[in-house]
There are 2 protein chains.
Amino acid sequence: MALAMIDETHDPARTSWVPGADAHADFPIQNLPLGVFSREGEDPRGGIAIGNNILDLAALALSGLLEGEAMAAASAAAAPALNAMLALGAGPRQALRRRVSALLATGAPEREQVEPLLVPMAEATMHLPAHVSDYTDFYVGIHHATNIGSLFRPDNPLLPNYKHVPIGYHGRASTIRPSSVPVIRPQGQTKAPDADAPSFGPVKRLDYELELGVWLAAGNDLGTPVPIARASDLVAGITLLNDWSARDVQAWEYQPLGPFLAKNFLTTVSPWIVTMEALAPFRRPQPSRPEGDPQPLPYLWDETDQREGALSLDLEVFLSSAAMREKGLAPMRLSHGPASAMYWTIAQMVAHHASNGCQMQTGDLLGSGTISGPEEGSQGSLMEITRAGKQPVDLPTGETRTFLEDGDELSLTGHFHAENAVSIGFGECRGVVAPARI
Amino acid sequence: MALAMIDETHDPARTSWVPGADAHADFPIQNLPLGVFSREGEDPRGGIAIGNNILDLAALALSGLLEGEAMAAASAAAAPALNAMLALGAGPRQALRRRVSALLATGAPEREQVEPLLVPMAEATMHLPAHVSDYTDFYVGIHHATNIGSLFRPDNPLLPNYKHVPIGYHGRASTIRPSSVPVIRPQGQTKAPDADAPSFGPVKRLDYELELGVWLAAGNDLGTPVPIARASDLVAGITLLNDWSARDVQAWEYQPLGPFLAKNFLTTVSPWIVTMEALAPFRRPQPSRPEGDPQPLPYLWDETDQREGALSLDLEVFLSSAAMREKGLAPMRLSHGPASAMYWTIAQMVAHHASNGCQMQTGDLLGSGTISGPEEGSQGSLMEITRAGKQPVDLPTGETRTFLEDGDELSLTGHFHAENAVSIGFGECRGVVAPARI
């Protein structure tokens, strides 16, 4: 957005001396995402992904290789959460990116000093990149909203407010976890439409939702809205986000105040923050609104945001059952589509959230809501793919799925593509369903 | 609940040497609530209210008057938030209560050493007692749910899930503030039923909601439910809570995911945590469910909780306009009623929240939802009192109110009463409406 310029760190000709980094689908030298990692027996601390390695920012801060704003950023990152580093703002974050890009570039004279600061990912455990201050989930995937709405209201799937209001609701911060934390099947109170009374037990309709997560680096004072032209300045970067959902709980509990226990048992994020700087080459104009759609109110409208507010990003979802993994079968792709199906931009989400003076803070996480494409094969949840469980999916083992079974592994991936730019990605966002704890 | 016994700290014959404490409606020696305060130029730290004074826990920890668990609790309270102190659990909290009660009791030989540790409330600013980890708002006031529901569905006001599910939803932690922080009138997107399109501006239907707030001292592991018989053990104590609400925003935004910007601009709590220990004499059997109401599912049912889960607590709401204050008129009582109108107990709220394995944490705040009585004059919001703005309230100045105007001060009070017990209260929970920042 306004802050991130295309500079030498995006140069497609720049390569890295780190073995394998140039060929890495997610973490070539053009990405340099921020995360928090630890090795066994060590404290969690900030790092930057490069290929299959992590550059240890705590060690880098002590190396004598940094100065000025880059040094300030790396020092602040020598902590178990990146909140203090993010709160420094875009200047130090960008200075660190430029310096690290230079240090990792092929031919860097500092290579011998930097090599000992690399940690193989295979030896590291990833943590949440920041302490989550508050978590809000939006609903900007218009095809998802249409698909879900049409299950209930075939003639009028979208509610009257949808094209005026970036609909969102509050989620639970305490249950956000990085990729690979098991998805313990929740128990819950449910009531089948034909049952006399509700019952309590392991949920039967466990689903995923493919979303983007937005990490905020900065906030506003209580009572002071954030103008849309400055909303992007609050954003540190983005991740993949899986909003695990129990559809049977959701159907029974959600009236009149919205989803609660159907969602708050776990939310999984990919552990690396792909920064706004890394995204610069992949910004695209927000697709024009279809003829007849209302013009957003002025507090949600900014010309620059309309020119740059969308992302050239492909999203995929993969499923593998325990039987598939036992047989050595590759995960099956459940869906594939572009992220362009977001009816509202990230800046519109932020500006709307703060429009009533709600205080945003460093470490806030915003979910986009489920991102589905308009076509078959591009839908971001099993609820949509199986038409609420009526059309099972066939797995290569002969198994079928309407919703997730114990042992299933669900993983999300996303890759940014653009002409004259090296593609980058998010890393892992996956979880294996574990049996309910009864 | 199970942990809190009636002991010598509740003895109605016990008085305090602190001048005026015995006559104080909220903070006699039987209360001893926990809060965080500061004087100008000093760091915020923990304190205990006694009459119109605050016992400085940071100073008490250094005084040589404490030992063992009481010392551990006071030391942990020497911080700008009480999370670490609360996390020590009920044992240290109760030990500190017993020791402080003895130190403040008439005839205490340590009086001369304790007197210098008292800070007059008039010199102190109150802060939030703890950092809010996550905030959840319930909807357990059945008369409120019925009143609001009947505005939309006169023949069928309560939804089918209400008597089976303790309905709740997530709120915003970043905008919770202690009493006296101004209520800046939010702006928002609204659409009158007869308007062609929505518009954005200062909200017109600003309302309050009278609630109880529940502070948690402890939590559970992700994925592990909290049995109802142990749910009360997680609770540190309670406060008053005002869930300020913009009804015009709420009406337009809340479908399908629930209230969002209508609520998250501010939530006010009384700054003192009235502990579970202090509440022990005021526990009452939960009123029997009306004939024909369903028996709660086993995960929500505990005999001890049914015997002790309600509170003997009177709640009041007062309004004064700027003109009333200018003329020296006393605040007008808007409503008055018992807290017994809670359909679900605090333990049921906690057990339900964690029933899917959702992780609860020290510093979590749970709102009860609006508490209204069944009769006229006992309703906990202007939406109910004025029948959604159709029946204005007359003020003694000749002014009328349907919703809150700029300059209005709204305050909540609550007092616990029981035979053979000294009454206690919460202290202030008030706010003055300030004009929108346009």
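This is a predicted model: local features need pLDDT of at least 70, side-chain atom pairs count only at pLDDT 80 or more; totals for chains, interfaces and linings use all residues.
**Gln30(A)**

Gln30(A) lies in the segment that comes before strand 1 (34-39) of chain A. Its relative accessibility is 4%, so Gln30(A) counts as buried, the cut-off for that class being under 20%. The side chain of Gln30(A) comes to 2.9 Å from the backbone oxygen of Arg14(A). Arg14(A) is also among the residues in contact with Gln30(A) once neighbours within four places in sequence are left aside.

**Strand 27 of chain A**

Strand 27 of chain A covers residues 429-434. Cys429(A), Gly431(A) and Val433(A) form its covered face, while Arg430(A), Val432(A) and Ala434(A) form the uncovered one. Strand 27 pairs with strand 9 and with strand 25 of chain A, as the table shows.

| Partner of strand 27 (chain A) | Residues | Sense | Bridges |
|---|---|---|---|
| Strand 9 | 183-184 | parallel | 2 bridges |
| Strand 25 | 409-416 | antiparallel | 4 bridges |

Val433(A), on the covered face, is the bridge partner of Val183(A). Val432(A), on the uncovered face, is the bridge partner of Glu409(A).

**Annotated domain**

An unreviewed UniProt entry places the feature "domain: Fumarylacetoacetase-like C-terminal" at residues 162-433 of chain A. Over residues 162-433 the chain is 14% helix and 30% strand.

Note on methods:
Residues are numbered from 1 along each chain as its sequence is written. Chains are lettered from A and ligands numbered from 1 in the order in which they are written. Side-chain values use heavy atoms; hydrogens and water are left out. Buried means under 20% relative accessible area, exposed over 50%, partly exposed in between (1.4 Å probe, protein chains only). A polar contact is a pair of N or O atoms within 3.5 Å; within protein, one must be able to donate a hydrogen and the other to accept it, and residues adjacent in sequence count only if both atoms are side-chain atoms. Contact means heavy atoms within 4.5 Å. Two strands pair if DSSP finds at least two bridges between them. UniProt positions are given in the numbering used here, feature names are shortened, and annotations may be inferred rather than shown by experiment.
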